[in-house]
Amino acid sequence: MNLSTALITGASNGIGLELARIHASKRGDVVLVARSRDKLESIKQEFETKYGVKAYVLTEDLADPASADRIFAATESLGLSIDVLINNAGFGGHGKFVERDLKAEQAMMQVNMATLTNLTHHYLKGMVARRRGRILNVSSTASFMPGPLQAVYYATKAYVTSFTQAVAEEVREYGVTATALCPGAVATGFVAAGDLQGVDVWKNAKSAESVARCGYEAMMRGDLVAFNEQKLRIMLDWIVPLLPRKMALKMSRQAMEKAA
């Protein structure tokens with residue numbers, strides 16, 4: 001597929017920024033979506049100067065249920081055909097569900113699931129009509145098991161991985177693909193935002209750039225699911241499903257416990 005305009009959510013930092021950078025470096029135009037206008041304007045200037053592409057800035061809070069409608073309306077008014085949709089924005093949170101703030105959990109569900117779904121629906125219609133398109137939904141290895149101490153986050157990512165694969169099968173006949181990127185721990189602002197400092201699994205976190213490159217290449221190949229580490233694929237596809245459920249839950253909780 002010839003590169004064209006990609007829309008990337010959560011494009012101001014981390015994996016989203018690196019995904020946008022990869023696309024721009026290949027001379028594809030980008031629509032950058034995030035909450036921070038200053039950061040996005042700086043990235044826009046960098047990309048246009050360095051790569052000679054067109055970059056558009058849309059400032060949105062994806063926790064707002066109407067945000068997807070506004071984003072779609074904005075790209076329509078600009079006359080843009082979005083042939084690459086990268087739903088990267090998402091966040092987590094640490095602690096027992098009963099003790100966490102319900103509004104924070106609801107915002108997490110909106111960003112991680114509902115807005116992702118709404119954006120996919122909006123842009124998928126055009127892709128199907130044009131019989132071309134690529135969708136990359138950034139999920140997580142968390143999507144393959146329940147997550148005590150991150151109960152809602154793990155559940156939202158289970159939705160993302162399942163939803164992505166189902167949609168991929170539905171649109172396969174139209175030449176459109178959907179890919180779920182399922183990385184392990186990544187060195188981004190996710191740790192601080194999710195109150196995950198002190199959780200051991202982040203000691204060996206991979207770089208955002210390496211994860212983004214893995215995901216982008218998988219998206220362009222049309223893979224269903226992409227893991228950034230082969231050992232994670234083996235563990236989640238072949239080992240975890242065979243474990244007794246209570247053992248898997250215990251292991252999952254231990255992975256999320258903070259060091260004393």
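Before the first stop, a convention: two strands count as paired if DSSP finds at least two bridges between them. The strands themselves (E, at least two residues) and the helices (H or I, at least four residues) are DSSP runs, numbered from the N terminus. You are looking at a predicted model, where local features need pLDDT of at least 70, side-chain atom pairs count only at pLDDT 80 or more, and totals for chains, interfaces and linings use all residues. Residues are numbered from 1 along each chain as its sequence is written, and side-chain values use heavy atoms, with hydrogens and water left out.

Select residues 176-181, which is strand β6. Next, bring in helix α5 (residues 151-171), which together with β5 and β6 makes a right-handed β-α-β unit. Right-handed here means that, with the strands pointing away from you, the path from the first strand over the helix to the second runs clockwise.

Then switch to strand β9 (residues 225-226), which pairs with β6 over two bridges, again in the parallel sense. Here Ala 180 stands opposite Val 225.

How many of the six residues of β6 are buried? Six of the six, so the strand is largely enclosed by the rest of the structure. (Buried means under 20% relative accessible area, exposed over 50%, and partly exposed in between, with a 1.4 Å probe and protein chains only.) In a regular strand, side chains alternate between the two faces of the sheet. Show side chains on β6: Val 176, Ala 178 and Ala 180 point one way, while Thr 177, Thr 179 and Leu 181 point the other.

**Stop two: two cysteines**

Move on to Cys 182, which is buried at 0% relative accessibility. Its closest cysteine sulfur is in Cys 214, 9.8 Å away and so too far for a bond. A disulfide needs a pair of cysteine sulfur atoms within 2.5 Å, and by this rule the count comes to zero. Cys 214 is buried as well, at 19% relative accessibility.

**Stop three: two arginines with positive phi**

Finish in the loops. Pick Arg 27, between α1 (14-25) and β2 (30-34). Its phi is near 70°, positive in a residue other than glycine, and Arg 27 is exposed, with a relative accessible area of 54%. Then jump to Arg 131, in the loop between α4 (102-130) and β5 (133-138). Arg 131 also has a positive phi, about 60°, although it is not a glycine.
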